[in-house]
Amino acid sequence: MTSQSASQLKGLLDTTTECLNNFNNLNIDTGSWDPFLIYLLVQKMDSETHKNWEEHAYKEESENLPTWSDFKKFLESKYRTLELTNQNSTSRDTKIIKERSCHVASPVTEKVCVMCKENHSLSHCKEFCKKEPTERREFVKTKQLCFNCLVPGHSAFKCKVPVSCRLCHRRHHSLLHETKIKQQGESSVTLPPTVTHVEEKQALQVNTMIASHYNTKKRIAALLATAEVEATSEQGNTIVLRALIDQGSEAAFISEKATQLLKLERQPVKASIIGVGSQRTEIKHVVQLRIRSRSDRNYCLPIKAYVMSKQLTTKIPTKTINKQDWTHIQDLNLADPNYFKPGSIDMLLGVKEYAEILQNNLIKGPPGTPSAQETSLGWILFGEVNTTHQSQYVVMHHSVDVEDMLKSIWEIDVDTKRHLTKDEKLCEEIYESTTARNEEGRYIVKLPFNTYSPQSPDGNTKSIAAHRFTLLEKKFRKSPDLQKEYSKVINDYIKQGHIEKVPDIEKDKRAVYLPHHAVTRADKESTRTRVVFDASCKGSNNVSLNDELLVGPQLQEDLRNILMRWRMKRVCFMADIKQMFRQVLVSPEDADFQRILWRQQESDTLEEYRLLRVTFGTASAPYLAVKTLQQVAKDEAKNNILVAQTINEDFYMDDLLSGTDSVSEALSLSKELSVTLQKGGFQLTKWASNSIVLMKYIEEDKRSARAHIDLNLDGTLKALGIEWNLKTDQFRYNLRFTPITKSITKRNILSDIQKVFDPLGWIAPSTVMAKILIQKIWLERVNWDEQVSNTLEQEWREIRSDFVNITEIKIERWLGTMTVNNDKTQIHGFSNASMRAYAAAVYVRIHTLDNKIETKLIAARTRVAPLKTISLPRLELCGALLLSKLMKQVGQSMRIPTSRMYAWTDSSIVIAWLSGEPNRWKPFVANRVVEIVENINNKHWFHVQSHENSADLASRGMLLSDLKKSNLWWHGPGWLSETKINIKHEMAETDLEMKKIKINTYLNAERSEEPETTLISQFDNFETLTDLIKVITYCRRFINYKKNINSENQNLTTQELEVTLQICIKKNSRRRI
C-alpha cells in the first residue's frame, strides 16, 4: 500500500482472516501467531496507517503486546472511517468506471474448447498443449484468437485480462512462449550481482560479475572471499553470520533474516538498487551493528549496513568444491573454514570494511588454486579453482515432455523419500568420512559433533558426576542386591575391555564426565539391570554432551512395518544382537568425552574411567550403532542381496524379525546372517523360530531361554512388544491390571489405558472406547488426582472389566502369503465415521495354494472426533484420509502395488468428493481430497453398505466380549472371501462443500456513430430506482429554478419524488408500447 485506501485495508483484513480460518479448519493452532501476524501486516501498510496503528497500540499498557483481536478492530474502524470520509470521491470514481465497462455477476456458462469442442477452455486442452509453441501460435492466428487470453473477439492489444506470460512477462499467453535455443558453443552464465556506489535517496549502481562455465575437460569454479563473523547488536544479541567480502561495493548490506535475529534497531532511509536488466530493489532501512573476528576476540569493527528484503545472493559457492591439500594455505587460520561448502550469505561487506580489515600478507598459489589474503577476520580465499580433471559436459539444450511439465504444475510432491535435514546430512558426512575398521573387522567411529569447538568439557562436569555418584551409593546402601547387580555390569565392561582407567598423565586433558544410574527391568531375559550414562546432564555452563552431538537421521523402518512384513513369512525366526552398542568402538580422541567415576566400595578411592565403545545414553548412540550395522551389510554382503536386504529391512534396533517360505531357506539365511554380522563384530543370540528343525540347528547357548525344545516346540516370547506363542504361531495379549482403588482419578485411568499395547490396532473397537473416555475426562477439567464423576467412573469400570477378555484374543501370525502366490494378493481397506470417532481397517485377501480365498485383518487405526463440532460428511472424509495413509503404509511394508489396493466407504458424498476436481471444493475438503488421491487413486474407491463395513465397529466402539466373536471385524464382509468380487463404480454427485464461484464478466461497449441520447436510454446507468428518481428530481429543480427562486427548502420533498416517479412510469410505458 502506498496510500490510505479503504478497499485495500478491507482486502488485507479479509485475506488474513480467511487464511487463519483455513488453518483452524486444519486443526493448526494459531493462538501464538499474533506478534508475527501483526508485524507482517504492518509492513504492508502505508506510512500514515502505520503511524495511526502505533498511536493506537501505544494507548494500551506498554507491558502487554497488542493481540490480533486489537489489530483486527483497528483495521475495521480504519477502513470504515475511510469509506465514510471518501464516499464522494469513491462514488465519482465508480461512475467513471461504469461508463467504460459493466461488472455483473452471472451464472456459470459452459466453456467450449475451440480445438476439441470439449467442455473446457483452450488453455486446458490436452491436444492444444501437446503441440509445439510454433504450432500453437499458428492455430491461434488461424482462429483469430487473442494471443493473451486465447478467446475470440478481440486482439491482445485490447485484451482486458490483467495477466501476461509467466516466463518473459510480455503480452501473450504462457503456452505461446517460444524459448530461444542457444547455439552450440555458447556458455551458460551465472550472474550474482555485486552492489557498488550507494547514495541515499539515489539509485544504486550495480557492477555485475560474470562466472562462465565452458564445455571443457577441466572444470573451473570461482571461489569468492567469505568469512564467518560474530555479529552483535546494540542490545547485546550475538549470532554467527557468513559474510561475503566484496571490494567492488561501496556499501555494506545485511539480510532481513539476520536483522530480525539480531533484533537490530532500524533507521528509515530511501534508496534503491538497479540490478541486471534494470531491475530495481527498494531499500527502506539502515542498521548499526558490530562484527568480531572468531579468531581474534579483541578485534571489533562497527558496521553501517542497509537491510535487504530480498536474498543478497545465491549460495556461495554454487556447488561443493573438492577440498584439496593445497600446500600454500595449510596451517592458515581461515576466516571461513567452510569455504568449500555452499552456504547462504547473511551479510555483504563493501570496500570500506575491506580496507579496514585488510593486512599486508598475500599468498598466491599455482594456477587452479586459490589465493589467500590476510585480514583481521582471518585468511580469506579467492580465485579460480580446478574442481575436477574428469570430463564434464554442460548441456545447453534438452527436450521436455509437455505432459510432464504440465503435471508438475499441480503435483505437490511425487518424491516419497524423506529429505534429510542439514544436521542429518552433516551427521552422515561425518560418519562416511571418518569411520574406519581395525584388524578384527570392528568399526571405529567418531562422535558426530555439531560444533568445531565443543564447550561441554568446560562445564565442571567432574564435580557434578561425583555428586551424582554419592547419591547412587546411598541407593546401594538401601539395596545391596542393586549394588551387586550394578557392580557386575561395570566389571563386565572392564573385563571385556569396553572401559579403561584414565592414565595419570592424561587426567588433566579436557574431558566430559558422565553421571550414571541403574535401570531395572524384571521382564528382561538377559540383563535385568542396565547402566545408563546421563549424557544429557548439563555442566555449570549449561551445556551438556548431548547438546553438542548430532542425533542423525532415522535409518530403520517403523515397528509396524516390520511386524506386518514378518507376518508374510511362513517359516519365521527372531534373534537379538548381543550388546549391540558395545560392539562399535569410539575413536581414541573422543573417548575422553565419555569419562565416568567409579569405585567398588565406598572406602575405595574414586577412580576415573573412560568408555571406549558407543555409549548407551548419548544422543548419537542409536544412529552410530544402526548405521554401523547397515555398513556391515554394505561391506560384507555386496554379493548376497538377500542378506543385505534382511539386515537393512528386518532389524528394529538390535531385534531381528525375518523369515522365508521354507525351512531349508531359513536355515541357509540364518547361517549367512550370523557369519556376515560376525565379520563386523556383531553376534546374534536369543534365537527363536516356529520351526523345530531350525531351532535344533541353533546352538543351545544362543537360543532364547524362553524357547523350549523337548518333544515339541513350546514357549512364549515378546516380538517387538507383542507376545508370540511358538507352538501355536499366534500373537496374544498379556494384560495385567492392578486391583482397582476406591477412588478413580484421571491418573489411574490413564495409567491403566497406557498398559494396553496395540501397535497395529487389532483391538481398535475396544481401545477407541477408552480414547473417547479420555476426551470426556478432559472436558470435565478435573485435576490428575481428583475423582472423576459417577457417570465416567461407571463407564470406566465397564471398559476395564471388559479388558479381562483380552487374553482370549489370538491372532494368527502367518497371513498365508508365499512368494509363489504373492502376485495375487490384494489389500482391501474400509473407512467409516460416527460423531464420536472415525476409523480405518485394512485386510489382506489371499489365494491359497489349494485355490481357496482367505481374508485376515492386517491393521486398523482410530481417531476420536475433535471437540469442535464437524459435520458427519467431513468426518467421513477424515476417515477416508486415515484409510489412505494406512493402506499406503501397508502396501509399502508388504511390497504390494497400489494397483492391487481397493478402498471402501459407505459415504456417497465422499465418493462424489473424490470423483470431482479438488479445486471445486472448499479448502477443508480440497486439501484432503488431494492427499487421499495421491495415496490411493480415486478409481480404486468404491461404495459399501453400512452393515458390511467393518470399520463401522471401530468408529462406534465394541466391547472385547463381543469383538472376539465378530467375524466381520477379523475377516471383513462375507463377499470379500468369495472367488469373484462384484466391483462396480457408482456415480455420485453432490454440491455439498462446493466453492461459491463469482464470475466477473467484462462488457466492452464501443460508441456507435449515432449514439442514442434519449432520457430513457440513460435509465440503465443507475443501480437503483431511488438513485434514478433523486437525479431526475434535482434536474427538474434546476430547470424550474427561476420559477421557485424564493424557495428555501433544500431537501427533496415527498411530493417532488412522487411526481418524478410518475414521469418515469409514463416514459417507460410509452417506450414499451
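Visitor: Is Cys878 buried or exposed?
Guide: Cys878 is buried, with a relative accessible area of 13%; buried means under 20% relative accessible area and exposed over 50%, with partly exposed in between (1.4 Å probe, protein chains only). Please note that this is a predicted model, in which local features need pLDDT of at least 70, side-chain atom pairs count only at pLDDT 80 or more, and totals for chains, interfaces and linings use all residues. Residues are numbered from 1 along each chain as its sequence is written, and side-chain values use heavy atoms, leaving out hydrogens and water.
Visitor: What about the relative accessibility of Cys1064?
Guide: Cys1064 has 7% relative accessibility and counts as buried.
Visitor: How many disulfides does the structure hold?
Guide: The structure holds 0 disulfides, a disulfide being a pair of cysteine sulfur atoms within 2.5 Å.
Visitor: Changing topic, which residues touch the most other members of the largest nonpolar core?
Guide: They are Trp762, Ile827, Ile858, Met894, Trp941 and Trp969, in a core of 107 residues. A nonpolar core is a set of buried Ala, Val, Leu, Ile, Met, Phe, Trp, Tyr and Cys residues joined through side-chain atoms within 4.5 Å.
Visitor: Which helix gives the most to this core?
Guide: Helix α22 (residues 872-894) does, with 11 residues. Helices (H or I, at least four residues) and strands (E, at least two) are DSSP runs, numbered from the N terminus.
Visitor: And what covers the buried residues of α23?
Guide: The cover includes α22, β39 (901-905), α24 (923-935) and β40 (941-943). In α23 (residues 908-915), the buried residues are Val910, Ile911, Ala912, Trp913 and Leu914.

Terms used:
Contact = heavy atoms within 4.5 Å.
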